[in-house]
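Hello,

Here is the structure you will be working with. Please open it beside this email and follow along.

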There are 2 protein chains.
Amino acid sequence: MCHPNLVALAVLLCSTLLVNGGKVLVFPVDGSHWINMNIIIEELHSRGHEVTVVRPNDTWYIKSESPHYKTITINSSAGIDKERFGAFVMETLTMRRQGASLWTRLSMEYDLMKQLIQMHVKVLEMVEGMFEDTKLMQSLHDAKYDLVLTDPWIGTGVLMAHRLGLPLVFNVHFHCHFAIAPSPLSYIPTPLSELTDKMTFIQRVQNMLYFFFLTLQNWYITEPNYKPFVHRHFGSDVHYMELFQSADIWLMRNDFTFEFPRPTMPNVVYMSGFQCKPSKPLSKELEDFVQSSGEHGVIVMTLGSVVEELPEDITEDIAAAFAELPQKVIWRHKGKRPSTLGNNTRILDWLPQNDLLGHPKTRVFVAHGGTNGIQEAIYHGVPLVGLPLIFDQADNFFRMKAKGVAKVLDIATVNKENFLEALKEVLYQPSYREKMKELSSIQRDQPMKPLDRAMFWIEFVMRHKGAAHLRTESYKMSSIQYYSMDVAAFLLAVILLVFTIFVSAFRFLLHKLFYRNKVKKE
Amino acid sequence: MCHPNLVALAVLLCSTLLVNGGKVLVFPVDGSHWINMNIIIEELHSRGHEVTVVRPNDTWYIKSESPHYKTITINSSAGIDKERFGAFVMETLTMRRQGASLWTRLSMEYDLMKQLIQMHVKVLEMVEGMFEDTKLMQSLHDAKYDLVLTDPWIGTGVLMAHRLGLPLVFNVHFHCHFAIAPSPLSYIPTPLSELTDKMTFIQRVQNMLYFFFLTLQNWYITEPNYKPFVHRHFGSDVHYMELFQSADIWLMRNDFTFEFPRPTMPNVVYMSGFQCKPSKPLSKELEDFVQSSGEHGVIVMTLGSVVEELPEDITEDIAAAFAELPQKVIWRHKGKRPSTLGNNTRILDWLPQNDLLGHPKTRVFVAHGGTNGIQEAIYHGVPLVGLPLIFDQADNFFRMKAKGVAKVLDIATVNKENFLEALKEVLYQPSYREKMKELSSIQRDQPMKPLDRAMFWIEFVMRHKGAAHLRTESYKMSSIQYYSMDVAAFLLAVILLVFTIFVSAFRFLLHKLFYRNKVKKE
């Protein structure tokens, strides 16, 4: 039976949740980031808001025609060539596979960083072009948008929101916690550090070193890149980080089934799992295949959209390992058909991931560690075998491993034996499944669906023209002020001064006393 | 029209919000704290949970019979005598009124502190008695409660939850932020400091000094009080603060219409305004009186339940000020009828505060600054004139003043003139009302009603036997670890060592070189 308060709640929600047709200007990021943004855009559209997407002309995925949004296409040379990117990833994986020296790996990292810097330079050129395009800027002004929604992985949306004087909502990666909330290094692992919230002394030293490295990277790479641009357009006392940190709402692709508990801020809204939804029935053919697995169940494997192929020796090993299991396997694989493929394995070009993960026969999900896939696995309670490839994937999987719901393999050393062993462990040790079911029950047990929560706060920003009451302005302080170093120095100086005066006075008195005694004696 | 997602949401809420008859063991605090707790208890009861309240036999307000809860009555001598307390407050106010010297005021503070310490000693005696009462403890064990709900202003509930091994939910004062969330002193004002989140250098120095004072108070008063007890019952390496900080959920009587934006933790649930509800019609007589105010509207004044009387000279001045206004005044006043009372002022023993605040004719609320009254004023959008008396009231009002919705007077200096001036300012400067309406619209614009949110999280703790995924265990670290001081010292030592080795090696080389040159020359 429905509690009367819930009816009242639903009525309250009806009266407050809806805003009459807001106007949202979106600056998305391409690639897998677009998948997330598109879900939010579709939901905004379905709630009667008008969405305008600013897309570079060299985008991979962002279509110029959509029933859900209008587009403004901008000339850009900031995009990354898809073929070249694919080749780069393949080269990286092969090198790691062949046991590249530390030097080679560092130089590869350096190369990647150079390319990222180059990309940011080109992004700024693009934004400069937009700022100078008076017709474009006038039309953006005239359109009277309610807010800018952006993925701040690149800075276009941040810069444009400030130029247009619009409230700013982020759809943001969880690593950005470090940019907004206090993060004591004693129990908050630095992004990519692969550490947990419970660290030994040595791990805490590592964590601090990682943090220094990140800070240096920010000081010497991000800031100098943006500095001349920001100074030119927003004033010589403004830092890019300030513009970034002033966002009204941070819709964070995160929650505490995924992240370790940590300090947060009032304007951080966790929306992990916002893309999750109940599964739909499979196609007749796929359902028959799944059912044929009997009591053994099914293994689902896909490595995401960014990496379409794996080095051949790995796929051979993977196929051989699968062939030894009694389970049926559904594997999204695009390269050459492995020679070792067993009868139990079905290779597909594309698979209905959510419907398969929600199927009661699914036992294990072999994944690369993108946050979307991990969230869907949590939602459906399916334990994981991880084969992280690039970017934050190893770090994401590390969290799942720490929570006891994933076995993780290293692409450099994976082979038939350890792959098979990992699969068997997750299949047959009940703790993986039990803990994942527990995470799933926590993720589903929220006062509000994550996507509804995200919508509420976007609409809140429309209604109140921002969310000033939730946002500290502490980011305007210098580090010296923020960490009270000036106050500490001042108090220390006062203490020293008082101490010195006291000691001097004491010595003076002693001197007087002795001197008098001396005189008396004489 | 109701959005389809909202229907889905309501269904989701129906399926997840309800728990079949949980059992809650409540350790409340007496006085105005009980008003809050009782609202939560009534709501728990109405949702089908069984509530047991542990009440000391010397309580002021906590009744032994109620349709909403069962009681367990405990022998206690920790309670404060109501008459004596009233006399103490009156004496304090009179002294402040007469311009007591700093010394007198400090000695009064010291007296108050001594009494508080004495109270805590007696509380611990009471808890000791309960721990030793094997029959009571057995019955509490056997009752299989789902959780302990307590106001941790006194420690009974905290200690009992740990002894019984039960999850712990706090109904807690907002000052407790400092006990759980990082609070950078550069922009987080220390409790009772009357500072904002934007401080000058001197204010930041003040803030740090306040913080030192609070820390000392904790070190030398709270901890030593609890230490022997906690060591005896929970082990010699356990601190009371650890037991306190390990609570699963902190239902905080706070939100960001009241508090300045600041870091928070995932297990802090803001529930300010949970007691707020739409107003009901007034009695015929009161409604007639209110309507007779015409366009001028009504002023409502009450100073809460703790302080029942004011020094006579103040009430004379207040009445005289009211008499000069065209508004009608409704004043809850229990002492002698002031001789200066005007025809426009109605004195009542008790007034329907919420119904009056929600009345469209109400223009100003003259209050003492308890959080309940302030929250109701925010909810109904009525600006404030403040006459803070004791405890946190001045600090609460300071927040309202900083937000531009209240004019605050000092009880030591209030007189007819400045009281009248304050009333006129709030009545006739539109900014007070406008800003309060803005706060009101923000407070009402939440994805969920505060009381429903509180209920959700209490029931979440029932369903999942705690909320471990939202709770850091950083409180188990020493301060040296928490603030990474050991890591910093280690890294500094390494740097110094490397530097020393480098310098030594350099000097050694130089020496060799010069020595060789010298030998050559010779």
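Below is what was found in it, starting with chain A as a whole. Please keep in mind that this is a predicted model.

Chain A has 522 residues, of which 55% count as buried. The chain contains 19 helices and 13 strands. Its C-alpha trace spans about 115 × 60 × 60 Å along the principal axes. The accessible surface of chain A is about 24,100 Å², and carbon and sulfur atoms account for 58% of that. Among contacts in chain A with a separation of 6 or more, 65% are between residues 24 or more positions apart.

Next, helix H15 of chain A, residues 416-428. At the start of H15(A), a side-chain oxygen of Asn415(A) comes within 3.1 Å of the backbone nitrogen of Glu417(A). Several residues of H15(A) are buried, including Phe419(A), Leu423(A) and Glu425(A). The buried residues of this helix pack against several elements of chain A, among them helix H11 (312-323), strand S11 (362-367) and helix H16 (430-444).

Last, the surface. Phe201(A), Ile202(A), Phe490(B), Val494(B) and Val498(B) form a nonpolar patch there, with about 410 Å² of accessible area together. Helix H8 (201-234) of chain A and helix H19 (485-521) of chain B each supply at least two of its residues. H19(B) gives the most, with three. Phe490(B) lies in helix H19 of chain B. Its relative accessible area is 34%, so Phe490(B) counts as partly exposed, between the limits of 20% and 50%.

Regards

Technical notes:
Residues are numbered from 1 along each chain as its sequence is written. Chains are lettered from A and ligands numbered from 1 in the order in which they are written. This is a predicted model: local features need pLDDT of at least 70, side-chain atom pairs count only at pLDDT 80 or more; totals for chains, interfaces and linings use all residues. Side-chain values use heavy atoms; hydrogens and water are left out. Patches are made of residues with over 30% relative accessible area and no salt bridge: like charges are joined within 9 Å, nonpolar side chains (Val, Leu, Ile, Met, Phe, Trp, Tyr) within 5 Å. Accessible areas come from the Shrake-Rupley method with a 1.4 Å probe; for residues, only the protein chains shown count as cover. A salt bridge is a side-chain nitrogen of Lys or Arg within 4 Å of a carboxyl oxygen of Asp or Glu. Helices (H or I, at least four residues) and strands (E, at least two) are DSSP runs, numbered from the N terminus. Buried means under 20% relative accessible area, exposed over 50%, partly exposed in between (1.4 Å probe, protein chains only). Contact means heavy atoms within 4.5 Å. A polar contact is a pair of N or O atoms within 3.5 Å; within protein, one must be able to donate a hydrogen and the other to accept it, and residues adjacent in sequence count only if both atoms are side-chain atoms.
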